[in-house]
Amino acid sequence: MQPAPPVTILFHHLEKTAGTTVRSILQRNAQLGHYDFFSFINRFNKLQFQTVTHRLDTLISQGPSALKGLRLAVEIH
């Protein structure tokens with residue numbers, strides 16, 4: 001079995017454009033372990049945002065090869 005390819009999803013949730021459906025699909029796939037999912041909806045969670053940005057900064061500082069295994073989905077509302 002081959003390793004899963006890297007994935008990075010940045011989803012800007014616009015109202016009345018099936019965003020809730022997209023979020024539920026992203027959440028379901030995250031529960032199945034396909035990637036880590038962070039959702040920023042109706043409130044800004046500073047700690048959660050810092051977790052995402054720190055993870056990305058750390059990977060970027062390690063060079064391009066570190067980003068190959070990145071599996072992350074982020075929703076911004």
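Helices (H or I, at least four residues) and strands (E, at least two) are taken here as DSSP runs, numbered from the N terminus. The model is a predicted one: local features need pLDDT of at least 70, side-chain atom pairs count only at pLDDT 80 or more, and totals for chains, interfaces and linings use all residues. Residues are numbered from 1 along each chain as its sequence is written, and side-chain values use heavy atoms, with hydrogens and water left out.

As for the overall layout, the protein has 2 helices and 3 strands. Read from the N terminus, these elements follow the pattern β-α-β-α-β. The C-alpha trace spans about 40 × 35 × 20 Å along its principal axes. Of the 77 residues, 25% are buried, where buried means under 20% relative accessible area, exposed means over 50%, and partly exposed covers what lies in between (1.4 Å probe, protein chains only). Contacts are counted for heavy atoms within 4.5 Å. Among contacts with a separation of 6 or more, 59% come from residues 24 or more positions apart.

Next comes the sheet. The 3 strands make an open sheet in the order β1-β3-β2, with parallel pairing; two strands pair if DSSP finds at least two bridges between them. At the edges are β1 (7-12) and β2 (36-40), each of which pairs on one side only. From one strand to the next, the twist averages 5°. Axes are lines fitted to C-alpha atoms, for helices over the stretch in contact, and angles run from 0 to 180 degrees between N-to-C directions. On one side, β1 and β3 pair in the parallel sense over 6 bridges, and I9 stands opposite A73 in β3. On the other, 5 bridges join β2 to β3 (residues 71-76), again running parallel. Along that pairing, D36 stands opposite L72 in β3, while S39 has E75 as its bridge partner.

Now for the helices. Helix α1 covers residues 19-31, and its 13 residues should span 18 Å at 1.5 Å a residue; the end C-alpha atoms are 18 Å apart, which agrees. The expected span is 1.5 Å times one less than the number of residues. G19, R23 and L26 are buried in α1. Seen down the helix axis, the buried residues of α1 fall within an arc of 65°, so they line one face of the helix; the arc is that of the directions from the helix axis to the C-beta atoms. What covers these buried residues includes β1, β2 and β3. T20, R28 and Q31, on the other side of α1, are exposed. Helix α2 (residues 46-61), for its part, lies across β2 and β3 and runs at about 135° to β2.

The loop between β1 and α1 deserves a word on backbone angles. Most residues other than glycine have a negative phi, and most peptide bonds are trans. K16, located in this loop, has a positive phi near 65° and is not a glycine. Its relative accessible area of 85% makes K16 exposed. A18 lies in the loop between β1 and α1 as well, and has a positive phi of about 70° although it is not a glycine. A18 counts as partly exposed, at 49% relative accessibility.

A search of the whole structure turns up 1 aromatic pair. The rings of F40 and F49 have their centres 5.8 Å apart and their planes at 70°, so the pair is edge-to-face. Rings of Phe, Tyr and Trp (its six-membered ring) pair if their centres lie within 6.5 Å, with planes under 30 degrees apart counted as stacked, over 60 as edge-to-face and the rest as tilted. F40 is buried at 8% relative accessibility, whereas F49 is partly exposed at 38%. I41 belongs to the loop between β2 and α2 and is partly exposed, with a relative accessible area of 22%. Leaving aside neighbours within four places in sequence, I41 is in contact with R23, E75 and H77. The C-alpha atoms of I41 and Q27 are 13 Å apart in space, for residues 14 apart in sequence.
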